[in-house]
Amino acid sequence: MLRRAGVGSRRGQRRWFHAAVLGGVLALAPSTWLWLDEGDRVGTVGSAPSAPVAVVFGAGLFDGEPSPYLAHRLDAALELYRQHKVQAILVTGDNGRKEYDEPDAMRHYLIERGVPEVRVVGDYAGFDTWDSCARARQVFGVDRAVLVSQTFHVRRALALCEAAGIDSYAVGVDEGHNATWYYGGLREIPGAGKAALDAWLRPDPQFLGPREAGVSRALADASAR
């Protein structure tokens, strides 16, 4: 009886081990898909091709100003603009509350650093990465863009914007590997799973709204100069 109980226990332990391994593989599969499928279109400001628009994704505010991570994204977009690799910048983020306005903070940051106001377009309903990509295509008419985000997030943005119909290249902003970086990387594990579902199902964004002409106006202004 003792031997049988021992065998049963070992079998149970093996089943739990195999289940844990399988669960880990399934959890990491979407992240692996992003790294393998999107890697050849991720680079730096220097390697980025020319495109009409840069899309910058929100990354939080501190006292109404862009967080350090968001400021670094905006600095990369600013450099793309200064190198004449993009003609307009679409900043997309959360404005779901009156006291929290990512897009305007992002716009002000770029305008204060020399980008003409008409060239910086705000998307005020970029509540998550899929919404930002879907709205860039459906609301603002973006069909080719350079995407700007941190390296741990930019592959997910790239996959989702491609699924939304935007021919994209991604600039990954490097950061020191501090607690914020590791936290962002961990968030990408469930984020990659959601991205896989969004890329497959392609749902409407939380708020779609009518077409907006901001990007068209920005590109028309660039063409007139």
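How many disulfides does the count come to? The count comes to one disulfide, where a disulfide is a pair of cysteine sulfur atoms within 2.5 Å. The model is predicted, so local features need pLDDT of at least 70 and side-chain atom pairs count only at pLDDT 80 or more, whereas totals for chains, interfaces and linings use all residues. Residues are numbered from 1 along each chain as its sequence is written, and side-chain values use heavy atoms, with hydrogens and water left out.

**Disulfide**

- Cysteine 133 is joined to cysteine 161, with an S to S distance of 2.3 Å.
- The pair links distant parts of the chain, 28 residues apart: cysteine 133 lies in helix 4 (residues 129–138) and cysteine 161 in helix 5 (residues 151–164); helices (H or I, at least four residues) and strands (E, at least two) are DSSP runs, numbered from the N terminus.
- The torsion about the S-S bond of cysteine 133 and cysteine 161 is about -80°, so the disulfide is left-handed.
- Cysteine 133 is buried, at 0% relative accessible area, and cysteine 161 is buried at 1%; buried means under 20% relative accessible area (1.4 Å probe, protein chains only).

**Nonpolar cores**

- A nonpolar core is a set of buried Ala, Val, Leu, Ile, Met, Phe, Trp, Tyr and Cys residues joined through side-chain atoms within 4.5 Å.
- The largest nonpolar core has 29 residues, of which Leu80 and Ile89 touch the most other members.
- Elements that each supply at least two residues of this core include strand 2 (53–57), helix 2 (68–82) and strand 5 (88–92).
- Helix 2 gives the most to this core, with eight residues.
- A second, separate core of 27 residues includes Leu90, Ala136, Ala164 and Val215.

Key
Buried < 20%, exposed > 50% of the residue type's maximum accessible area, 1.4 Å probe, protein only.
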